[in-house]
Amino acid sequence: MRLISLVPLLCGLAVVAQGGLNRRFASQWGLLSAVVVNMVVATVVTVSVYMVARAVPGFWPEAAPTEGRFSGFTPWHLLPGLCGVFIVLGMPLSISRIGAVQSVLLLMAAQLVTSLAWDAMVEGRPATLARVVGSVLAFTGAAIAVWKG
């Protein structure tokens, strides 16, 4: 397994941990307060990493280019941040209502469908039979784990 494969695995862990912890914090402070704390921490960490990447040549060159910064900005550039806020608000809410396993199962279903479409339409990687069958099998396996049959 390539080392980069750890990144999506850690992201999957982070989605569940963040949603579950925010759900716990929301019961103490309210969901919006928990999300504000999340976004403040995310902003501080992101700005810090950005400043290090800009200040230390070679640290992470593709993450903080020195030329063309923010050129061609459009409102579409705000969409990923809005998606992040939706995830940070939505997952704890969902976990509190239907539980972590079902929330992540539905998240996974949406991710599989969206990623197949994204790869095909944006990245130019076709939705081959193997990719579709693999996605269906992955979802089916997860669905069996929560089936109340």
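View 1. The structure is a predicted model, in which local features need pLDDT of at least 70, side-chain atom pairs count only at pLDDT 80 or more, and totals for chains, interfaces and linings use all residues. Residues are numbered from 1 along each chain as its sequence is written, and side-chain values use heavy atoms, with hydrogens and water left out.

View 2. With a disulfide defined as a pair of cysteine sulfur atoms within 2.5 Å, the count is zero.

**View 3. Crossing of helix 2 and helix 3.** The axes of helix 2 (residues 31-55) and helix 3 (residues 79-98) come within 10 Å and cross at roughly 140°. Helices here are DSSP runs (H or I, at least four residues), numbered from the N terminus; axes are lines fitted to C-alpha atoms over the stretch in contact, and angles run from 0 to 180 degrees between N-to-C directions. The two helices are therefore oblique to each other, since angles under 35 degrees count as roughly parallel, over 145 as roughly antiparallel, 65 to 115 as roughly perpendicular and the rest as oblique.

**View 4. Residues joining helix 2 and helix 3.** Leu31, Leu32, Val35, Asn38 and Met39 of helix 2 meet Gly84, Val85, Val88, Leu89, Pro92 and Leu93 of helix 3, contact being heavy atoms within 4.5 Å.
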